[in-house]
Amino acid sequence: MKFLVFFVATFLVASQCHGASFRSFPLRMSTGYGADPSDDDVRCASWRLAVEAQNIFGFETIPEQCVDSTAAYIEGGQYQSDSKTVNQQVFFYASDLKIQDNDVVIFNVDGTVLSNIPYYSQHGYGSEKFNSTRYDEEFVNKGDAPALPETLKNYNKLLDLGVKIVFLTGRLTDKKAVTEANLRKAGFHTWEKLILKEPSNGQNSVEYKSTERAKLVQQGYRIIANVADQWSSLKGGNQGLRSFKLPNPLYYIE
């Protein structure tokens, strides 16, 4: 009886402290995408988290119900904030190291240093299937991609530390001139190497980038960090001392 009285008293005190109304969180959540728009924002946020954790992979498009939510994430400030957090951690990590002359940080290009949001904002924020010809014509060949602002800040800070920068991209070698010009236009004025893919190279992203990182190690470089928006750019051999994944809920590259 005394225990029951104590329990009830404790419950009443807690009720007064936190307010009279309680929000219930069910143990079993409904699955799939419901018709209630208020549910979509929550479910799409969970979908983006699963993508970043690579619990969802191999997708061709984002769910149609997530277009508005994804646009709000990208344009509303959260995407840049997430990018800032990752880039800060790259810099903090490098700052704690004793930098050597042969130390490099590898950056992917599209979605990591050059923003392709201007393209994807015109093509459903990832809800349209990727068209490589259209992407090249409307985005790459124009050479007008802006910098991802938080990556640019980090890039300049890393240079001040004495770190060398390597850009490793899946763009083909025929895009070298336009890529170099775009990088400089966006504020990336110097780098140790810009590595592009040969058209005859049939390797997937993991194989190709692993091979190129191995070449860097063979040339005497120490990869202190590998920064990319795709897991395929971070997997494989010779990953470096640390890998850092930038947010990208728009597309997936094998």
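Two strands are treated as paired if DSSP finds at least two bridges between them. The views below show details of a predicted model.

**Figure 1. Strands β1 and β2 pair side by side in the parallel sense.** Four bridges connect strand β1, residues 103–107, with β2. At one of these positions Phe-107 faces Phe-167, its bridge partner in β2. Strands of a sheet pair through backbone hydrogen bonds, and the pairing may be parallel or antiparallel.

**Figure 2. Five strands form an open sheet with parallel pairing.** Their order across the sheet is β3-β2-β1-β4-β5. The edge positions belong to β3 and β5, each of which has a single partner strand, so one side of each has no neighbour in the sheet. From one strand to the next, the twist averages 20 degrees. In a regular strand, side chains alternate between the two faces of the sheet.

**Figure 3. Strand β3 runs parallel to β2.** Strand β2 covers residues 164–172 and is joined to β3 by four bridges. Within this pairing, Val-166 stands opposite Lys-193 of β3. Of the five residues of β3 (residues 193–197), four are buried, so the strand is largely enclosed by the rest of the structure.

**Figure 4. A disulfide joins Cys-44 and Cys-66.** The structure holds one disulfide. The sulfur atoms of Cys-44 and Cys-66 lie 2.0 Å apart, and the angle of -90 degrees about the S-S bond makes the link left-handed. Cys-44 belongs to helix α2, whereas Cys-66 lies in the loop between α2 and α3; the two are 22 residues apart, and the pair links distant parts of the chain. Cys-44 has a relative accessibility of 0% and counts as buried. Cys-66 is also buried, with a relative accessible area of 0%.

**Figure 5. Phe-59 and Tyr-252 form a tilted aromatic pair.** A pair of aromatic rings is described by the distance of the centres and the angle of the planes. The structure has a count of 17 aromatic pairs. Phe-59 is found in the loop between α2 (37–52) and α3 (67–75), and Tyr-252 in the segment after β5 (243–245), so the pair ties together parts that are 193 residues apart in sequence. Phe-59 counts as buried, because its relative accessibility is 11% and the cut-off is under 20%.

**Figure 6. Tyr-119 and Tyr-120 form an edge-to-face pair.** The ring centres of Tyr-119 and Tyr-120 are 5.2 Å apart, and their planes stand at 85 degrees, so the arrangement is edge-to-face; the cut-off for this class is over 60 degrees. Both Tyr-119 and Tyr-120 are buried. Ring pairs also connect these two residues with Phe-130, Tyr-135, Phe-139 and Tyr-251 in a cluster.

**Figure 7. Lys-157 and Arg-242 are placed over aromatic rings.** Lys-157 lies over the face of Phe-91, at 5.5 Å from the centre of the ring. Arg-242 has its charged end over the ring of Tyr-93, 5.2 Å from the centre.

How values were computed. Residues are numbered from 1 along each chain as its sequence is written. This is a predicted model: local features need pLDDT of at least 70, side-chain atom pairs count only at pLDDT 80 or more; totals for chains, interfaces and linings use all residues. Side-chain values use heavy atoms; hydrogens and water are left out. Buried means under 20% relative accessible area, exposed over 50%, partly exposed in between (1.4 Å probe, protein chains only). Rings of Phe, Tyr and Trp (its six-membered ring) pair if their centres lie within 6.5 Å; planes under 30 degrees apart count as stacked, over 60 as edge-to-face and the rest as tilted. A charge sits over a ring if NZ of Lys or CZ of Arg is within 6 Å of the ring centre and within 35 degrees of the ring normal. A disulfide is a pair of cysteine sulfur atoms within 2.5 Å. Axes are lines fitted to C-alpha atoms, for helices over the stretch in contact, and angles run from 0 to 180 degrees between N-to-C directions.
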